[in-house]
Amino acid sequence: MTPQQLKNSLLQRAIEGRLVEQRPEEGTAKDLLKEIRAEKERMIEDGKIKKSKPLPPITEDEKPFEIPDGWEWVRLGDLCSKIGSGNTPYGGRNSGVYKIKGVPLFREQNIYNDGIDYKGIVYISQELSDARQGSKVYAKDLLLNITGGSIGRCAVVPDDFNVGDVNQHILIIRLINSNLRKYLHGCICGPLGQNTINVKAVGARAGFSAEKCKNMLIPLPPLAEQHRIVSKIEELLPLIDKYNKAYTKLTAYNAHFPEAMKKSILQYAIQGKLVEQRPEEGTAKDLLKEIRAEKERLIEEGKIKKSKPLPPITEDEKPFEIPEGWEWVRLWDIVHNHGQEKPNKPFTYIDIGSVDNSKQKLGKEENIIQPEDAPSRARKILEKGDIIYSTVRPYLHNMCIIDRDFSRPPIASTGFAVMKTLTGVSNKYLFYYLLSPTFDTYANSNENAKGVAYPAINDKALYSSTVPLPPLAEQHRIVSKIEELLPLCEKLVK
């Protein structure tokens, strides 16, 4: 149960008479209503308020639930000397009507269920306030937001408040017996009141009128029971607030846990902690001999160009210890690419938007382009099994393995680095390494990711990165274990 559901449940139990016991010696709501009606008549006779049109009787069909003996269903208007909205001073802020001091003018952004928020408060002059008698606010009034996104928020004006004003988006609810205010505040803020407001609200900006407010149904207990209900609510709400803080932390933790678990799995994998090492599978040193031999052969055959040797890896470049039998290598030592060409026939264009960066998968749709319409960035040759890695904003993980054939030859944007793994290197193992926290840290560091709005890593920095290389059989076992565990992380999201 969410904190709001818990609070709603508390307020609903309160107005159903299930929060505290009933005590016959405390009298009945019928007696309380007689006193309120008598006081209302006195106020009318004294000219303090005008006589209003009687509200319609409450029918049995209107009553949403049973209430205890001694309680009464009433309309809110029968308990009030005033229910009416204020109005916004003509011209508003731009007219200079708002002052830095004077009489506070409450607007909807100042009204919350737990009280009045003075942040952003504006003031009007005493002279203007005196001319706005219908908008005046006094201590112990209830203020109810009746329009827009904050509709239904209701505040009790503090007992020590002097005088203020409201705009047309707020209803002033002034009770004949102000001792009812805290109980009625709970009624309005609870499910019954909020449902009434939201069902009755009409118009493009969802407005709730004074007339509808007057007709709102209230389950009324005796006054002494109201006080006990309010005391119990005030005792329990701080516990709900504590629960809310714990719930918020737990919700945030649960939201981040699947991604954190995914990162942990990848990090354990590349550090040799996800599967055991098996001596019979050989060593990465032997594997490197085969990889270098293949690279020399490709150079001799003219399939790739010979490049300047990269410097040896220093101890400072090694981010963590790796198991015996593994080797640190530079990325360019274990991959190559196919170069670039300007398309001269129809092709399947793969740009940054072709990759689903939440799943690191290529989209299903083929973007077939005629050579005369080719974007200037459509240059990089691709083959099935290649890894493509967006070098712009590497933290976005716009990367994937080209996992299928296409109806037209694929060409990638120059925004990608294209990597074909050499024999002896699993493209999936390398792919998961490029997703790992270690590589993320490297690719997005200030030294390697240049630019402010669109930081990018250049080819030299990318291919100079260090990669922990296990024997090939262990690479395959690592990939199998990752692909067994990552779907479990995805289930945690649901």
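# Strands, rings and cysteines

Me: Which residue of β12 stands opposite Arg75?
Reply: This is a predicted model, in which local features need pLDDT of at least 70, side-chain atom pairs count only at pLDDT 80 or more, and totals for chains, interfaces and linings use all residues. Residues are numbered from 1 along each chain as its sequence is written, and side-chain values use heavy atoms, leaving out hydrogens and water. Four bridges join the antiparallel strands β1 and β12; two strands pair if DSSP finds at least two bridges between them, and helices (H or I, at least four residues) and strands (E, at least two) are DSSP runs numbered from the N terminus. In β12, the residue opposite Arg75 is Leu217.

Me: In β12, Leu217 and Pro219 point one way; which residues point the other way?
Reply: The side chains of β12 point in two directions, and those on both sides are buried. Buried means under 20% relative accessible area, exposed over 50% and partly exposed in between, with a 1.4 Å probe and protein chains only. Opposite in direction to Leu217 and Pro219 are Ile218 and Leu220.

Me: Which elements do the buried residues of α5 pack against?
Reply: Helix α5 spans residues 191-200, and its buried residues are Leu192, Gly193, Gln194, Thr196 and Ile197. Contact here means heavy atoms within 4.5 Å. The elements packed against these buried residues are α1, β1, β8, α4 and β12.

Me: Is the pair of Phe106 and Tyr118 stacked or edge-to-face?
Reply: The whole structure holds 11 aromatic pairs; rings of Phe, Tyr and Trp (its six-membered ring) pair if their centres lie within 6.5 Å, with planes under 30 degrees apart counting as stacked, over 60 as edge-to-face and the rest as tilted. For Phe106 and Tyr118 the centres are 5.9 Å apart and the planes lie at 80 degrees, so the pair is edge-to-face.

Me: How many residues apart are Phe106 and Phe161?
Reply: Phe106 is buried at 0% relative accessibility, and Phe161 is buried at 13%. Their ring centres are 5.7 Å apart and their planes at 40 degrees, so this pair is tilted. It links strand β3 with the loop between β9 and β10, and the separation is 55 residues.

Me: How far is the sulfur of Cys154 from the closest cysteine sulfur?
Reply: A disulfide is a pair of cysteine sulfur atoms within 2.5 Å, and the whole structure has zero. Cys80 is in none, its nearest cysteine sulfur being that of Cys213 at 7.1 Å. Cys154 is buried, with a relative accessible area of 0%. Its closest cysteine sulfur is in Cys189, too far for a bond, at 4.9 Å.
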